[in-house]
Amino acid sequence: MRLHKVYQCASLFHLPKQPFLLSSSPHFLSLKPPLRHPFQFIKPCSTTSPAAVRTKPMRFRNIAAVGAAENDGGSNGATHSSAGTADREDSSLENGYCLPPPEIRDIVDAPPLPTLSFSPHRDKILFLKRRSLPPLADLARPEEKLAGVRIDGKCNSRSRMSYYTGIGVHQLMNDGTLGPEKEIHNLPTGAKINFITWSSDGTHLAFSVRTDEEDGSSSMLRVWVADIETGKARPLFQATDIFLNAVFENFVWVNNSTLLVCTIPLSRGDPPKKTLVPSGPKIQSNEQKEIIQSRTYQDLLKDEYDEDLFDYYATSQLVLVSLDGSAKLVGLPAIYTSLDPSPDEKYIIVRSMHRPYSFNIPCGRFPQKVDIWTADGNFLREICDLPLAEDIPITHNSVRRGKRSINWRADKPSTLVWVETQDGGDAKIEVSPRDIVYAEPAEPLENEQPVVLHKLDFRYGGISWCDDSLALVYESWYKTRRIRTWIISPQSESASPRILFDRSSEDVYSDPGSPMLRRTPTGTYVIAKIRKEGDEGTYLLLNGSGATPQGNVPFLDLFDINTGNKERIWESDKEKYYETVVALMSDQDEREMYLHQLKVLTSKESKTENTQYYLFSWPEKKACQVTNFPHPYPQLSSLKKEMIRYERSDGVQLTATLYLPPGYDPARDGPLPCLMWSYPGEFKSKDAAGQVRGSPNEFAGIGSTSPLLWLARRFAILSGPTIPIIGEGNEEANDRYVEQLVASAEAAVKEVIRRGVAHPNKIAVGGHSYGAFMTANLLAHAPNLFSCGIARSGAYNRTLTPFGFQSEDRTLWEAVNTYVEMSPFISANKIKKPILLIHGEEDNNPGTLTMQSDRFYNALKGHGALCRLVILPFESHGYAARESVMHVLWETDRWLQKHCVDNSSDPIAPEENATTGITDAENKAVGVAGGVEEHQIPDDEIDNVQITRRSSLCRYD
């Protein structure tokens, strides 16, 4: 909870090359990509799960790109460029990986820019150097798929981990400039660095190192430490046979000189071997007639051999080791999933999982044991031992029974806080209170009972601690989209809790912002209290996105916690720039913080100027520039960006971001081919659905598979047009999904045609995941709008997701017509426009099995549709390898050139084929398989869902 750990792993989506500060801890200086959905509950990034990041550096030495050579097509066949290939017969396009045109390839192959990480005391910045897109050979390494986890058995870590290639340290000077770089040295040649962790005093780094073996595989991970002052790195363990087990937890700083490390047990032998002849059939039974509904999870355990293999790779031996190399074994080998030292460094919360396992759910629902140990590794007491949780209802806001969200109170030395549900974890049960928050000391006295801190009628969403007189408790309820913030006085029984904010999570205009946090001497983060000279009031700093009908205008408010009065002390520029407050920079010690001494880190960007960081100080209100990053793609530096507004036929206000290529003149160049890329979102009100989200002044970030790449091919790009699916009152949004989907798309298409920037016969539509589902439905039900479609990693048959999907929590049997009418698979006979399907062969995202694209393609082909299916070997839900990414871009460009740019056919009249529902008798047949969903919060972390805050945002595509 209090350690500053930096992860780098293969992200599902290659994100834009923008400068972001990185940390897995929500209270560290961090900034993560903003969510693109209109509404979403987000959990804070966990220190036990790698974080996907996007970053870029200041002007820096060139970083060699891995596999960036033009003719590097991998080992799976010949590499072709799309130049001059658009007219080839499909039969000649089936072999080998291909490269997109140079104008696209050059952007994707640009050297990656380092990740930035501030030290705990804000006086130093790490520049974490990254590789370019990995080669396919990295993804092709063997991996074990066990209990929802993919494991690299050779490294004994999660598979497909990316890594850093080097670490540079810069001093942050008083004037905001950066000192010269000090390289962390003495690392082995070709070191692959992960899990970079600051000690609480900022004097040392700990991280893992692996290198390439002669056979091309990676070695096992070793823990290294580096002295920040000298820059010298060395192995932590003196023994050469101690390796890190990084399947779940890896290591934590117990104090500034000691780490607790999950190691591979020295007594472990070879992996278990699977018997050729089974001892009997595989049997699952529900003779007790229990009602157990679950999504269709992937990579689950299949038999006893898988159980043994899971134990083999996941089991760790904890070792307590000092910086001087002295070490001792603590505890017995077990599957340790989390280690959380107390703020006073006297205790550790130790989480582990154990048998019995399940073949129906991932490991997050396996039995979990939570204990308290002393800091020297001795067992103190058990907090809870939670049983197998196969029966968590699929309804939103349903949770596991028993104690959950067990954490240390950040403002106390060693006080435990947890939550217990009063509804059995079932959100459908009406009960008050629904959740109760408890607290107790790490070592309670005999017969001492836990203290009830607060009772909630919604689902608990977390606590921001300040001191004995102040804490903020968050609760939310998805069905009504209500979120509440309570003020409590943790140590005062006489002070009654009161509601500070009570609003709709969909109403971004009413968002008051989130309290800024300050660092304590123990390394935890608490709410920052601000004083004003000559004023005895208690003030907080509320950092908000500032959503308005003209776009976001971020702000910083001085908020009187007692009166509710606000004073705006900082606001982003509205005309040209988009600025945000990233973190406090004046909280290095315990002294009270005064407004006239305030210092914050801000970011600043514009439509054409990439993000830079500044130190902003009071009372001068002066900004000092810290970074000077080069433009990541100068060839598109003069692109044109506009946030546009238009109206749907039912009166709902819609927005989109329109991008036009550099130098485009509508009078001279006329209408362009256009690519519309989007992702639907669910709402409970029309007013909220029509609110503007985002800023017209934000820099255009371009990832390696972004639709914005086609600006380099002279396309107009309509990015993120809002497609709200609204269910007001007791109405379920998806009951009118097709009708609202088509109406939103029609409005977007009409707007770009009205503006004269898009040719009516040359508009393509595309999307990823639920956006692919959208694409297929639009080609089925609105064929008059688009010339072709591109659908990546989608699910197309909702009868294969019978226990809910996306935001739908009714089962197939409760909403048969909705499931059928929403399924483009059922409407495959209506799709007449060309559709390109792309899917990773190893997609492990719940709801988007590769089978979905296989079967959809067969249905399309069976009705003579113009379609193409591309299955990417070794790729998951997003695409990581350079060969795969380049080929996806080549396929997409070829499809757009052939069926959009060169399209000369007249649009199909709406009355010929457009539908708002399925009426054919044969389409009423419903097939049933396992239940899945596109995106899901892990079951073991669902109770940690909080209202979105700027410091803990994660992106889903």
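Start by selecting Glu 440 and Arg 381: both are buried, where buried means under 20% relative accessible area, exposed over 50%, and partly exposed in between (1.4 Å probe, protein chains only). Show their side chains, and you'll see Glu 440 and Arg 381 meet in a salt bridge, 2.8 Å from N to O. (A salt bridge here is a side-chain nitrogen of Lys or Arg within 4 Å of a carboxyl oxygen of Asp or Glu.) This pair links distant parts of the chain: Glu 440 sits in strand β24 (residues 435-441) and Arg 381 in strand β21 (residues 379-386), 59 residues apart. Helices (H or I, at least four residues) and strands (E, at least two) are DSSP runs, numbered from the N terminus.

A quick word on what you're looking at: this is a predicted model, where local features need pLDDT of at least 70, side-chain atom pairs count only at pLDDT 80 or more, and totals for chains, interfaces and linings use all residues. Residues are numbered from 1 along each chain as its sequence is written, and side-chain values use heavy atoms, with hydrogens and water left out.

**Zoom out**

Now look at the whole protein. It has 11 helices and 51 strands, and 62% of its 957 residues are buried. Take the contacts (heavy atoms within 4.5 Å) between residues at least 6 apart in sequence: 65% of them join residues at least 24 apart.

**The seven-strand sheet**

Next, select β15 through β21. These seven strands form an open antiparallel sheet, in the order β15-β16-β17-β18-β19-β20-β21; strands count as paired if DSSP finds at least two bridges between them. β15 and β21 stand at the edges with a single partner strand each, so one side of each has no neighbour in the sheet. From one strand to the next, the twist averages 40°. For angles like this one, axes are lines fitted to C-alpha atoms, for helices over the stretch in contact, and angles run from 0 to 180 degrees between N-to-C directions.

Zoom in on β16 (residues 258-263). Which of its residues point one way, and which the other? Thr 258, Leu 260 and Cys 262 go one way, Leu 259, Val 261 and Thr 263 the other, and all are buried.

On one side, β16 pairs with β15 (residues 251-255) in the antiparallel sense over four bridges. A hairpin joins β15 to β16 through two residues, and Phe 251 has Val 261 as its bridge partner. Six bridges also join β16 to the antiparallel strand β17 (residues 316-322), where Leu 320 stands opposite Leu 260.

Slide along to β19 (residues 347-353) and β20 (residues 368-374), an antiparallel pair with seven bridges. Look for Met 353 opposite Gln 368. Then pick Lys 369 and Asp 371, whose side chains meet in a salt bridge (2.6 Å, N to O). Asp 371 is buried, at 6% relative accessible area.

How many salt bridges does a search of the whole structure find? The count is 58. For a network of them, select Arg 404, Asp 423, Glu 430, Arg 434, Asp 435 and Arg 459 together. Elsewhere, Arg 150 and Glu 143 form a salt bridge with their closest N and O atoms 4.0 Å apart, and both are buried.

**A four-strand sheet**

Jump to β37, β39, β40 and β41, which form an open antiparallel sheet in that order. β37 (577-584) and β41 (622-625) are the edge strands. Between β39 (residues 599-606) and β40 (residues 612-617) there are six bridges, with Leu 601 opposite Leu 615.

**Cysteines and a covered helix**

Search for disulfides (cysteine sulfur pairs within 2.5 Å) and you'll find zero. Cys 674 has its nearest cysteine sulfur, that of Cys 900, 7.7 Å away.

Last stop: helix α7 (residues 770-781). Its 12 residues reach 16 Å from first C-alpha to last, and 12 of 12 are buried, including Tyr 770, Phe 773 and His 781.

Methods:
The expected span of a helix is 1.5 Å times one less than its number of residues.
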